[in-house]
Amino acid sequence: MSKFGTLVLGPAGAGKSTFCASLITHLQLNRRSCFYVNLDPAAESFEHQPDLDIKDLISLEDVMEEMGLGPNGGLIYCFEFLMENLDFLTDALDSLTEEYLIIFDMPGQIELYTHIPILPALVKFLSRPGSLDIRLCAAYLLEATFIVDRAKFFSGTLSAMSAMILLEMPHINILSKMDLIKGQVRKKDLKKFITPDTTLIEEDPDIVARRKAGEDVVEALADPQDNGDMMRGASFRRLNTAVASLIENFSMVSYLKLDASDEDSVASILSYIDDMIQYHEAQEPREVKDEDRGYDAEE
Ligand SMILES: Nc1nc2c(ncn2[C@@H]2O[C@H](COP(=O)(O)OP(=O)(O)OP(=O)(O)O)[C@@H](O)[C@H]2O)c(=O)[nH]1
Ligand SMILES: [Mg+2]
């Protein structure tokens with residue numbers, strides 16, 4: 001019997017825990033079972049109490065204090081410890097049926113998704129057939145406000161792509177906190193962020209303004225000796241254009257839009273998650289109870 005789950009990933013503060021909370025609320029409202037696993041050993045407060053919390057195994061605070069590690073080294077130690085104590089996960093998850101959506105709320109340290117092999121090993125363990133056999137997908141969140149700075153947006157997109165390649169599992173990318181950019185981006189431009197397009201770098205408002213001021217930006221972009229302001233200089237632009245082309249050429253990354261406070265938006269993301277893990281195909285047809293129909297059998 002398969003189980004179903006999603007790993008909610010992304011940089012610090014991208015809105016992962018908020019999305020998990022909105023997803024759980026939505027699932028509960030739709031009478032669906034879920035199991036919330038917090039894998040962030042530094043997380044303190046939750047809208048929905050986790051059904052399983054890594055802090056019951058190991059806490060970042062204790063690790064930092066006892067091992068003399070900083071927050072990032074401490075986090076890696078916590079995950080190494082988890083990998084040595086996988087019974088902690090098996091004991092809690094083994095009895096869940098295929099009705100459950102298991103939601104893993106991950107920490108925001110980006111190195112966990114890009115540099116070290118712990119997460120791929122964890123994913124392999126969770127999805128191994130004959131063992132927990134969880135059909136998993138990744139939901140990678142990037143904050144929509146990143147699109148204000150186009151270079152930052154492409155750098156965030158590169159991290160999303162790096163996580164996709166590292167994890168080798170069904171994956172969706174999500175632009176979170178869409179409410180924060182409402183009315184600030186033209187529809188035409190937004191499309192280019194949703195499916196990242198290199199022309200965004202060329203059409204950067206900063207470049208457009210420099211052109212308007214009479215600067216020969218094409219020449220500046222082509223000048224290998226440009227040592228001016230590093231973040232505005234030609235080399236930086238060429239690097240950004242190269243990164244953007246790489247992302248565009250791979251055609252791997254596109255985004256779904258999320259406003260965690262809007263139920264329709266959460267429902268739409270959930271339908272992508274369900275499709276990726278083929279949740280509905282595995283469900284037994286359920287008998288519709290009278291209370292589900294919204295009336296009393298006695299009436
Ligand atoms: N406006 C707006 N704010 C949001 C949204 N989602 C999250 N936030 C806010 O963003 C901040 C960070 O949200 P979290 O859900 O804690 O982000 P996280 O990715 O879990 O953060 P870490 O676990 O620390 O990496 C909080 O102040 C949230 O209230 C959203 O859709 N819209
Ligand atoms: Mg969080």
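In which strand is Arg135 found? Arg135 is found in strand E5, where helices (H or I, at least four residues) and strands (E, at least two) are DSSP runs, numbered from the N terminus.

The structure is a predicted model, in which local features need pLDDT of at least 70 and side-chain atom pairs count only at pLDDT 80 or more, whereas totals for chains, interfaces and linings use all residues. Residues are numbered from 1 along each chain as its sequence is written, and chains are lettered from A and ligands numbered from 1 in the order in which they are written.

## Overall composition

The protein chain has 14 helices and seven strands. Buried residues make up 33% of its 299 residues; a residue is buried if 20 or more other C-beta atoms lie within 10 Å of its own, exposed if 12 or fewer, and partly exposed in between, with C-beta atoms placed from the backbone. Among contacts between residues at least 6 apart in sequence, 74% join residues at least 24 apart, a contact being a pair of residues whose C-beta atoms, placed from the backbone, lie within 7 Å.

## The sheet

The seven strands form an open sheet with parallel pairing, in the order E3-E2-E4-E1-E5-E6-E7; two strands pair if DSSP finds at least two bridges between them. Strand E3 (52-53) and strand E7 (255-257) are the edge strands, each pairing on one side only.

Strand E2 (residues 34-38) is joined to strand E4 (residues 101-105) by five bridges, and the two run parallel. Within this pairing, Cys34 has Leu101 of E4 as its bridge partner, and Asn38 stands opposite Asp105 in E4. E2 also pairs with E3 in the parallel sense, over two bridges, and here Asn38 stands opposite Asp53 in E3. Because four of the five residues of E2 are buried, E2 is largely enclosed by the rest of the structure.

Further along the sheet, E5 and E6 run parallel and are joined by six bridges, with Leu142 standing opposite Leu175 in E6. E6 is mostly covered, since six of its six residues are buried: His171, Asn173 and Leu175 on one side, and Ile172, Ile174 and Ser176 on the other.

Helix H1 (residues 16-29) lies across strand E1 (3-9), E2, E4, strand E5 (134-143) and strand E6 (171-176), and runs at about 160° to E4. That angle is taken between N-to-C directions on a scale from 0 to 180 degrees, the axes being lines fitted to C-alpha atoms, for helices over the stretch in contact.

Of the 17 residues around ligand 1, Gly15, Lys16, Ser17, Thr18 and Gly108 come nearest, a residue being near a molecule or strand if its C-beta atom, placed from the backbone, lies within 6 Å of it. H1 gives the most to this shell, with three residues. The shell divides into four nonpolar, eight polar and five charged residues; Ala, Val, Leu, Ile, Met, Phe, Trp, Tyr, Cys and Pro count as nonpolar, Asp, Glu, Lys and Arg as charged, and the others, Gly among them, as polar.

## Two domains

The chain is divided into domain 1 (3-195 + 253-283) and domain 2 (197-251), with bounds that come from an automatic or database domain assignment. The C-alpha centres of the two domains lie 33 Å apart, and nine residues of domain 1 are in contact with ten residues of domain 2. Helix H7 (residues 150-167) supplies the largest share of the side of domain 1 that touches domain 2, namely six residues. The residues on that side divide into five nonpolar, two polar and two charged.

Leaving aside its neighbours within four places in sequence, Arg135 is in contact with Ser2, Phe4, Ser127, Ile277 and Gln278. The C-alpha atoms of Arg135 and Gln278 are separated by 8.4 Å, although these residues are 143 apart along the chain. Gln278 lies in the loop between helix H13 (263-277) and helix H14 (290-293), and Asp133 is found in the loop between helix H6 (118-127) and E5. Asp133 has a positive phi near 55° in a residue other than glycine, and Gln278 likewise has a positive phi of about 55° although it is not a glycine.

| Residue | Other C-beta atoms within 10 Å | Class |
|---|---|---|
| Arg135 | 20 C-beta atoms | buried |
| Asp133 | 14 C-beta atoms | partly exposed |

Definitions and conventions: Contact = placed C-beta atoms within 7 Å.
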